[in-house]
Amino acid sequence: MGTVLTVKNINVYYGAIHAIKGISFDVNRGEIVTLIGANGAGKSTTLHTISGLLRSKTGDIEFLEESISHTAAHKIVSKGISHVPEGRRIFQGMTVEENLQMGAFVTKQDRIAHNLEYVYEQFPRLKERTSQIAGTLSGGEQQMLAMGRALMSDPELLMLDEPSMGLAPILVDQIFEIIENLNKAGTTILLVEQNAQMALSVADRAYVIETGRISLSGTGEELAKSDEVRKAYLGG
Amino acid sequence: MADRILNLKSIGSRGLKNAVKGNEYRREASISYGILIIGYILLSLGAATGLIGHNLQGQFVPICVYVSLAVSLNLVVGISGELSLGHAGFMAVGAFSGIVMERMLLAHMSFEPAVMILSMLFGACMAAIAGFIIGIPILGLRGDYLAIVTLAFGEIIRNFMNVLYFGLDENGHLKFAFNHTIEGIENSQRIITGAIGATGTKTISTFNWGLLLCIFTVFVVLNMKNSKQGRAIMAIRDNRIAAESIGLDVRKYKLMAFVVSAALAGMAGCLFGLNYSTLVPLKFNFNTSVLILVFVVLGGVGNIWGCIIAATVLTILPEAFRQFADYRMLTYAIVLILVMICTYNPTIKARVTAIWNRINPFKKKGGDKPKKKKTGKEAA
Ligand SMILES: Nc1ncnc2c1ncn2[C@@H]1O[C@H](COP(=O)(O)OP(=O)(O)OP(=O)(O)O)[C@@H](O)[C@H]1O
Ligand SMILES: [Mg+2]
């Protein structure tokens, strides 16, 4: 089991604001790793830094044993990291299928058909709606589309930022089921969640982030049982 | 089942490139080219039968120029979604470099079509270079800031033209000076004289060249819009963060739209420059940039054939209103305001559409669904 991603002591600033204060963690092949923490803890910032949209002042990020901390954002996707940003960023005016096609922008031509088939297999709801304008999809469907689009580039590592945000409980269950399925099919997943309970139930390992630092780490089970986590994030 | 998979595969393997050139592209292309050809025939007929007066005939080339400018600006404003207020600057670069090229070429050859084409290409190249140099630092900016900076650059270009001096010596060699007149060159051999501008240009622009330029511009813009690159540019406009997350190089595609747009504006500028024996840099001021933007906004941001019509009508109108003499500009402004209200105020627009549907003899069954239009604000 090799290491896919290693984050070493990164420090990220927004101007004078020191948002990430020396975070280190790693993700192994085939795992679901989750980052949990309160609002504003720095979870999204961490994902943005990995995908190259933000830069770390110090430290290093290695993906498949290669440093990517100075790689341009648009090249990181073709290296095999796909980022589904917070808040369902889809192309509202395009159809479902066009959105998925855009996700394959950096993908080799001969893989596109295969990937599209795979995405429709994982998300049958999208398949029923191939030519629907994406902006008219329901919230849950939009989240599925954003995830499906990210899968179109054949990622080695899929980073999901709060996929359950604003969804009804039944949809949350569905999304998490899909996440587990994707993982079983071989995709390594780095999951950021507010819904700590759900996240910990599917995660192999978890890290708790508090105001820019990692305060706790362990397996999903360990953290779900830990008193600190229960008090702070699981409601007692 | 096997059928379904096969079908899926065919969609996938056709890939982005062909999938995007669907019906919508064909529809937009046929309407745009149709309007250009019909407009050309109507205006030519009008001129041949004497229905269109001499003054208005003089506007034929400018109409083509403004149509190309509007279509090319639509690439930035409509398709890339950035507000640019410096389009006249690129037009100026194309005009003056085209004029210099023309005079140099005419000193050595007399085959006008070749002179025309080479001058236009040169104008396009120079404008593209200007677009590239300006584009690199400013495309990190967004919205209003980009608008202000393009405005400033447009003015800088025009003022730069004010201090350029070009001329031909007795052997037909090009002479250049910056900020002072060139000694020892007779008046007739001067090409560009600072703020006085270009003089002695041989006017080789014709309506036919204008039509060709319009067709070429529409061809480039429509194909770009419907290419893989065009998809990327529109995806960035629709949702920059999503576009970044799927691995699009945002700056590259924004720059691409900006440079192509500048090059096309340079070509149009060249046609414009070769239409007048004298041309002052002042012609390419902020007002001209705004005028082109007005064509785009009135024609519909992102709508190619709409801005062809808007540019044509709004170039003809001031000429047609000549009879109102003193009230000419007032009438023009009122027409502008009315068109804006009728197109962008939803209530009034619905009423106008309803009336139009009642009197429209070519009414389709079921009726078209209302066209979605973006306002300039959204695009910025
Ligand atoms: N663009 C920005 N400019 C300035 N500060 C920012 C910016 N984005 C985030 N921050 C700050 O950085 C810190 C971390 O933000 P981040 O978005 O990473 O939190 P998060 O853990 O994802 O929170 P949430 O669960 O609410 O999404 C916060 O204090 C936030 O206010
Ligand atoms: Mg967040």
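## Polar contacts of ligand 1

A polar contact is a pair of N or O atoms within 3.5 Å. In this predicted model, an oxygen atom of ligand 1 lies 2.9 Å from a polar backbone atom of A:Gly42. Side chains take part as well: an N or O atom in the side chain of A:Asn39 is 2.7 Å from an oxygen atom of ligand 1, and for the side chain of A:Glu86 the corresponding distance is 2.8 Å.

On its own, ligand 1 has 640 Å² of accessible area, of which the protein covers 63%.

## The shell around ligand 1

There are 14 residues around ligand 1, and those that come nearest are A:Asn39, A:Lys43, A:Ser44, A:Thr45 and A:Gln194. By class, the shell comprises 5 nonpolar, 6 polar and 3 charged residues.

The largest share, 3 residues, comes from α1(A).

## Helices α8 and α11 of chain B

In chain B, the axes of helix α8 (residues 207-225) and helix α11 (residues 250-273) come within 10 Å and cross at roughly 175°. Angles over 145 degrees count as roughly antiparallel, and α8(B) and α11(B) are therefore roughly antiparallel to each other.

From α8(B), the residues in contact include B:Trp209, B:Leu213, B:Phe216 and B:Val220. On the side of α11(B), they include B:Met256, B:Val260, B:Leu264 and B:Met267. The residues of this contact divide into 13 nonpolar and 2 polar, with no charged residue.

## Helices α4 and α11 of chain B

Helix α11(B) also meets helix α4 (residues 60-79) of chain B; the two axes come within 8 Å and cross at roughly 175°. This angle makes α4(B) roughly antiparallel to α11(B).

Among the residues that α4(B) brings to the contact are B:Val61, B:Cys64, B:Tyr66, B:Leu69 and B:Val76. Those from α11(B) include B:Phe258, B:Ser261, B:Ala265 and B:Phe272. By class, the contact of α4(B) with α11(B) has 16 nonpolar residues, 3 polar residues and no charged residues.

Methods. Residues are numbered from 1 along each chain as its sequence is written. Chains are lettered from A and ligands numbered from 1 in the order in which they are written. This is a predicted model: local features need pLDDT of at least 70, side-chain atom pairs count only at pLDDT 80 or more; totals for chains, interfaces and linings use all residues. Side-chain values use heavy atoms; hydrogens and water are left out. Axes are lines fitted to C-alpha atoms, for helices over the stretch in contact, and angles run from 0 to 180 degrees between N-to-C directions. Helices (H or I, at least four residues) and strands (E, at least two) are DSSP runs, numbered from the N terminus. Angles under 35 degrees count as roughly parallel, over 145 as roughly antiparallel, 65 to 115 as roughly perpendicular and the rest as oblique. Contact means heavy atoms within 4.5 Å. Ala, Val, Leu, Ile, Met, Phe, Trp, Tyr, Cys and Pro count as nonpolar, Asp, Glu, Lys and Arg as charged, and the others, Gly among them, as polar. A residue is near a molecule or strand if one of its heavy atoms lies within 4 Å of it. A polar contact is a pair of N or O atoms within 3.5 Å; within protein, one must be able to donate a hydrogen and the other to accept it, and residues adjacent in sequence count only if both atoms are side-chain atoms. Accessible areas come from the Shrake-Rupley method with a 1.4 Å probe; for residues, only the protein chains shown count as cover.
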